[in-house]
Structures are given as C-alpha cells and as structure tokens.
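Trainee: I'm new to this one. Can you walk me through it and tell me what the terms mean?

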Amino acid sequence: MKTRLCELLGVDYPIIQGGMAWIATAELAAAVSNGGGFGIIAAGNAPADVVRAQIQKAKSLTDKPFGVNVMMMSPFVSEVMQVIIEEKPAAVATGAGNPGKYISSLKEAGIKVMPVVASVAMAKKMEKDGADAVIAEGTEAGGHIGELTTMVLVPQIADAVSIPVIAAGGIADSRGAVAAFALGADGIQVGTRFICSTECIVHDNYKQAVLKSKDRDAVVTGRSTGAPVRALKNKLTREYDRLEKEGASFEEIEALGVGGLRRAFEEGDVQTGSLMAGQAAAMVTKVEPCADIIKSYFNGAETVIGIITSKLK
Ligand code: TUI
C-alpha cells in the first residue's frame, strides 16, 4: 500500500507517528522509522540543546528518515527551529499553533513541513504558506485537541487542499486506516497505539493504564481555560473538573497540570500524573514492537476492503 506520502517522506508505509511530548523520544522515533513508518521526536517544551541531542541519538539508531514535532506553545520554539535547520531531519510536524513564519527557512534547508491543523481555514493557510502536507487531527486524538471529529474534518480538508492530507485522531487499527483513506487521506498519524510499543520508554504503568482503558475513559479537561486536553480519567482529571466547576482562576487550573506529564511518564504515577491519550486507547490490547503495529494497519487492510465489498451488494 503506497501513496504519494510515501514518496514525500521516503517511507514504505503511509503512516507517521504522532509527536507526544516526553513519550516520542529518539528511541520510539527510530523504531517507527526502522519499521517502515515515519518516526517523529516530540520537542514538547524541551530546550534546544535537549532536542539536538535527541536528533543526534535518533541518527545513531536509524538510517531511515525521521522528523521532529515542534509544539508551537513552547517557550523555546525559535531556538528549537534553529537547531532543526542545522541538524536537518527529513521533516518537521508542528502542533498547537501556527508555524507560518518558520516555513520558508525550513524549506530552504530541505526540510519538509507538515503542520497539524484542526480546521479547513488553517489547512488552506498552511498550503498557501508552503506546507508540504497537513495533518488533519480530529478531537478523538490525545493531548491538546480541536473541536471537530476526524470523520468530518478529513474529507473537508481533503476537498480544500491539493497537498497530501494525513488523517489523525482515533485511528486504532486497519479499519480506521481504510476509513481514513476512504475519507480522502493520503496517510495516517498514529499516537496512542505507539505508547504501547515495546520500544516506547514511558513507565510501564502508563502503558498498562492505556491497555486497561475503556470506551469513555479518555476525557477532556481544560475546556474552560481554552486549552482542552484529552487524557485518561484519574484523580488529576477529576480535580480539574472540580476546579473548573467551582470557577477557579486560570492560574489555579493551570498550576494543577504542572509536572503532570513527567509524573506519569517517568514516575508511573497514574493517579496524579497526566496520562494524555486519545479515544483509541480503549482499542489498544497489547504491547508489541513498532514494526508489528505498523504492519497490522496495512496487512489487515485488504480484508477490511473485502468485508466492505461483500456488504455492498
Ligand atoms: O499539539 C497537539 N497536541 C498536544 S500539544 C501538547 S503540550 C500541551 N500541554 C498542555 C496544554 C497544552 C499543550 C499536548 N498535546 N496536537 C496538535 C494540534 N494542534 N491539535 C490542535 C492543534 C491546533 C490548534 C490550533 C493547530 C493549529 C491551531 O491554530 C491556531 C492558530 O494559530 O490559528
């Protein structure tokens, strides 16, 4: 199964790994790239020297192309972009903001640019500004999210732009992959399922929490502060809900989340840590190597298409 995204990124399968802060390290990115997908290191809120070390580590772990995800709300965005221009990973994905002013210098350095977008307007703007592809991320995704579902966002963006569209949010297996292509996507982004990969270095408690989660466990907090985040339900998300209902100040609510991701990923604190994950979490049933996860999306695809054909009489 090849699409024009495979040519753009130099990969065997049209699948990219989502940029998950603290989780998407050089180890995960390299394992995804070695498995035939496009691995991505998440810069998150890390300073530029940390990002440089991660890029260099990934280069030592794989000869295949990989990328870096830049979180536009990070205080270190401009320094991180500079390091990326020097280190030249194959592509940059961006999230949680508008990367417009960096696109031309990234492209001059030969780096492909793939912004995450959550609306048609933003997708059109990114195409006009020179993006090579857009990642259309639905609200089923984990972490910081937009309003629209993958089901309605992807076809509208596919109709509005001519660059490749990568569907993201809620794509948990080959049925989701086939659906994404049916909606007009040229590739898929997968985040949550890669948390439960053998090579992902997060604390095992985090992986177990994803494995145990059920259909309604990936909840949204922070709607009232304008920065909605999807994570697995626990003591932390209940505390968020309580503060938001009580009309607590923006500062009080934000303070609750400080260090939450680190508590979850490093200490395995599944109660007060922030277990960011998408709705696909409920569909993840085992920890397995990245290469097997990637193959499972595409090996089952013909069976899914066969089922569709036999249903449509
Ligand atoms: O960025 C993400 N997911 C993230 S970032 C993150 S770190 C964080 N931690 C706590 C609070 C907030 C962030 C955790 N997860 N996904 C990509 C994404 N980008 N989703 C939605 C957007 C987006 C939203 C608005 C992209 C562009 C945009 O445009 C706004 C504008 O400037 O017009």
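**Ligand and sheets**

Mentor: Start at the ligand: one of its nitrogen atoms is 2.9 Å from a polar backbone atom of Ala96. This is a predicted model, where local features need pLDDT of at least 70 and side-chain atom pairs count only at pLDDT 80 or more, while totals for chains, interfaces and linings use all residues. Residues are numbered from 1 along each chain as its sequence is written, and side-chain values use heavy atoms, with hydrogens and water left out.

Trainee: How much of the ligand's accessible area does the protein cover?

Mentor: The protein covers 70% of the 710 Å² that the ligand has on its own, by the Shrake-Rupley method with a 1.4 Å probe (for residues, only the protein chains shown count as cover).

Trainee: How do you know that strands S6 and S8 pair?

Mentor: Strands are DSSP runs (E, at least two residues; helices are H or I, at least four), numbered from the N terminus. Two strands pair if DSSP finds at least two bridges between them. S6 (residues 134–137) and S8 (residues 165–168) have four bridges in the parallel sense, so they qualify. Val134 stands opposite Val165 in S8.

Trainee: Which strands are at the edges of the eight-stranded sheet?

Mentor: The order in that open, parallel sheet is S1-S9-S8-S6-S5-S4-S3-S2. S1 (15–17) and S2 (39–42) each have a single partner strand, so one side of each is left without a neighbour in the sheet.

Trainee: And what is the pairing in the sheet of three strands?

Mentor: It's antiparallel, in the order S7-S11-S10. S7 (143–144) and S10 (218–221) are the edges, each with a single partner strand, so one side of each lacks a neighbour in the sheet. S10 and S11 (residues 229–232) share four bridges, and Val219 stands opposite Ala231 in S11.

Technical notes
A polar contact is a pair of N or O atoms within 3.5 Å; within protein, one must be able to donate a hydrogen and the other to accept it, and residues adjacent in sequence count only if both atoms are side-chain atoms.
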